[in-house]
Amino acid sequence: MQAGPSSLADHRAKTVSLLREWYADGSAYGTVSQRQHAMQAAQQAALAGAPEPVIIGALLHDIGWKLSREQPNAEQFGEDLATAVSMRPPDANSIASQLGIIAHCGLPEGADNSRIRAQHDVIGGCWLRMQGFDETCAHITEGHVLAKRYLCFSEPDYYGKLSLLSKETLAFQGGPMTAEEARIFERDPLFTACVEMRRWDEGAKEPLWPTPDFDSYDAMIAR
């Protein structure tokens, strides 16, 4: 049975409210909060003239991190994010587990938190599709990790620029692409946008950069 206009409107409102709640926490991402990181990525996409689905993909590119916890708005990382992630055990009843996303990703039973978080791109992309987001949003979310692997292959100095945590997760993400994988990725219709997304991700770590607030994206998320 197809959803009517009122139920669609309700679903959109609920999704917007949920995301506002999840991103209202104080969880850190290095020297910025996850909320700041998300908004800085989205702001860079907007300044680059990207279409709305790409901007929202940038805003929510790390949503998989939230989904790997049972209480997505309860994360409180210290400054040493890599240590915090590796020391904290995974949530057996995470949102991603409840929705069957962990099983869909093919992660082994009892996989540690580092391994689960390494797949945050696929986890996030699955959730965005389940919620009914534009496919471009999900593609950009998944593509920012593929772009990391691509840049580690195509730019000799890129690996050295990665954080300790990013190097750790790269090992679970397939490592740098092979030449054949890179050629295949380059044929992706959203290849350029995915690589740009990775650049925005790297640039979204400025503690003093003012951006529009998360709530300013409510209407765009709903659309």
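## Helices α10 and α14

Helix α10, formed by residues 135-154, packs against helix α14, formed by residues 191-203, at an angle of about 80 degrees, and their axes are 8 Å apart. The two helices, α10 and α14, are therefore roughly perpendicular to each other, since angles of 65 to 115 degrees are counted in that class. The model described here is predicted.

On the α10 side, the contact is made by His139, Ile140, Gly143, His144, Ala147, Lys148, Tyr150 and Leu151. On the α14 side, Phe191, Ala193, Cys194, Val195, Met197, Arg198, Arg199 and Asp201 take part. By class, the residues of the contact of α10 with α14 comprise nine nonpolar, three polar and four charged.

## Helices α2 and α14

Helix α14 also meets α2: the axes of α2 and α14 come within 8 Å and cross at roughly 135 degrees. That angle makes α2 oblique to α14. The crossing of α2 past α14 is right-handed.

From α2, the residues that meet α14 are His37, Gln40, Ala41, Gln44 and Ala45. Their partners in α14 are Met197, Arg199, Trp200, Asp201 and Gly203. The contact of α2 with α14 holds four nonpolar, four polar and two charged residues. Met197, Arg199 and Asp201 of α14 also belong to the contact with α10.

## Helices α2 and α3

Helix α2 spans residues 34-47 and helix α3 spans residues 52-59; their axes come within 7 Å and cross at roughly 160 degrees. Because this angle is over 145 degrees, α2 is roughly antiparallel to α3. The crossing of α2 and α3 is right-handed.

In this contact, α2 contributes Ala38, Met39, Ala41, Ala42, Ala45 and Ala46, while α3 contributes Ile55, Ala58 and Leu59. Nine residues of the contact of α2 with α3 are nonpolar, with no polar and no charged residues. Ala41 and Ala45 of α2 also take part in the contact with α14.

## The largest cavity

A search of the whole structure finds one cavity of 30 Å³ or more. The largest cavity holds about 50 Å³ of space. The residues that line this cavity are Tyr23, Tyr29, Gln34, His37, Ala38, Leu59, His61 and Asp62.

Helix α2 gives the most to the lining of the largest cavity, with three residues. By class, the lining has four nonpolar, three polar and one charged residues.

Notes:
Residues are numbered from 1 along each chain as its sequence is written. This is a predicted model: local features need pLDDT of at least 70, side-chain atom pairs count only at pLDDT 80 or more; totals for chains, interfaces and linings use all residues. Side-chain values use heavy atoms; hydrogens and water are left out. Axes are lines fitted to C-alpha atoms, for helices over the stretch in contact, and angles run from 0 to 180 degrees between N-to-C directions. Helices (H or I, at least four residues) and strands (E, at least two) are DSSP runs, numbered from the N terminus. Angles under 35 degrees count as roughly parallel, over 145 as roughly antiparallel, 65 to 115 as roughly perpendicular and the rest as oblique. A crossing is left-handed if the near helix is turned anticlockwise from the far one by less than a right angle, and right-handed if clockwise. Contact means heavy atoms within 4.5 Å. Ala, Val, Leu, Ile, Met, Phe, Trp, Tyr, Cys and Pro count as nonpolar, Asp, Glu, Lys and Arg as charged, and the others, Gly among them, as polar. On a 1 Å grid over the protein atoms alone, a cavity is a set of points where a 1.4 Å probe fits but cannot get out, and a pocket is an open set with protein on both sides within 12 Å along at least five of seven lines; lining residues have an atom within 4 Å of a point. Grid points are joined across faces, edges and corners, and a volume is the space filled by probe spheres set on the points.
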